Amino acid sequence: MNAHVSNTPGIPLDDDALIGALRSGDERVFVDLVQRWAAPMLRIALVHLGNRAHAEEIVQEAWLTMLRTLDRFERRSSLRTWVIGIVVNLARSRARTERRSVPFPEEPGEPSVDQARFLPANHPRWPHHWAIEPVRWPTPEDDLLAGETRQMILDAIAALPPSQREVLVLRDLDGLPAAEVCNVLGLTDTNQRVLLHRARSRVRGAVERYFGGTEAK
Amino acid sequence: MIDQNLPEIPCRELVELVTEYLEDRLPEADRRRFEIHLEQCEVCRLYLEQFRQTIRVLGRLPEESLSAEARAALLTTFRGWTLARRPGR
């Protein structure tokens, strides 16, 4: 189901109409939103809570918080982004309480590609050009989304450090704009892009490795 | 290299700039150097295409959904919230 557009006829799409419908007690709209936003809410909760049942609890708690504070919603972002932000805060604080995760350590800069795959700086003709080229993989995307390959990609995402995974999930899986991701996660624009780039580079590396690559990272 | 005024970006540096390039956040001179490199380097074109493909695949992963129990509990929550807001209560 597309998270942006309701498949149910007669469900309003703009935030004003949605808020109005919720305030008037429209159950159909509420049920539709719960369904439509379940994926982004669960994904971001799962970044911090390893356990599916705990992630569902956080999603429920987030909806309760959302309803209780709806009258104070300031519309500095879309309603959907605001709700996702509530999940981020609840999930982070739950993770802290359970000491499942220490505060994100500053990760040292890591190269996008194993440095050993490039020629040395003193190479007479091609300094710092490719020595070991990327392994080609099947080009139809549908092949990457099938069965075992898809699971490998999901595993690669799950293995990311939480700070990278948060950004990747919100930007590339849920399709939030950069500015809203910065807002929700409390990141600067530059930081957001660095984390996104590292995460994407790692996932690309995992796909390459899966297809027989030599990526060491 | 084609443009004598622009120092070349080596492949090792280009792979670090891909997201900035895709997000259109590279300064104009760097964007030109990036594109000049791409024109000349088949391997980096492959790398960029794999990067783009990775992003497209990430956007098409299957979606999670809430359990029936959680959805039922949420509907109860919503009904309670609606009732509590009714005037006169």
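What share of the contacts in chain B with a separation of 6 or more comes from residues 24 or more positions apart? The share is 55%, where two residues are in contact if their C-beta atoms, placed from the backbone, lie within 7 Å.

Before we start: this is a predicted model, in which local features need pLDDT of at least 70, side-chain atom pairs count only at pLDDT 80 or more, and totals for chains, interfaces and linings use all residues. Residues are numbered from 1 along each chain as its sequence is written, while chains are lettered from A and ligands numbered from 1 in the order in which they are written.

**Stop 1: chain B.** Select chain B and you will find five helices and zero strands (DSSP runs: H or I of at least four residues for helices, E of at least two for strands, numbered from the N terminus). Its C-alpha trace spans about 80 × 30 × 15 Å along the principal axes.

**Stop 2: where the chains touch.** Now show chain A too: 42 of its residues are in contact with 39 residues of chain B. On the chain B side, select α4(B), which gives the largest share, 11 residues.

**Stop 3: A:V59.** Leaving aside neighbours within four places in sequence, A:V59 is in contact with A:M41, A:L42, A:A45, A:V87, B:L66 and B:A70.

**Stop 4: the largest nonpolar core.** A nonpolar core is a set of buried Ala, Val, Leu, Ile, Met, Phe, Trp, Tyr and Cys residues joined through C-beta atoms within 7 Å; buried means that 20 or more other C-beta atoms lie within 10 Å of a residue's own, with C-beta atoms placed from the backbone. The largest one has 58 residues, and A:V59 is among those with the most contacts inside it. Finish on helix α5 (residues 79-97) of chain A, which gives the most to this core, with nine residues.

Terms used: A residue is buried if 20 or more other C-beta atoms lie within 10 Å of its own, exposed if 12 or fewer, and partly exposed in between; C-beta atoms are placed from the backbone.
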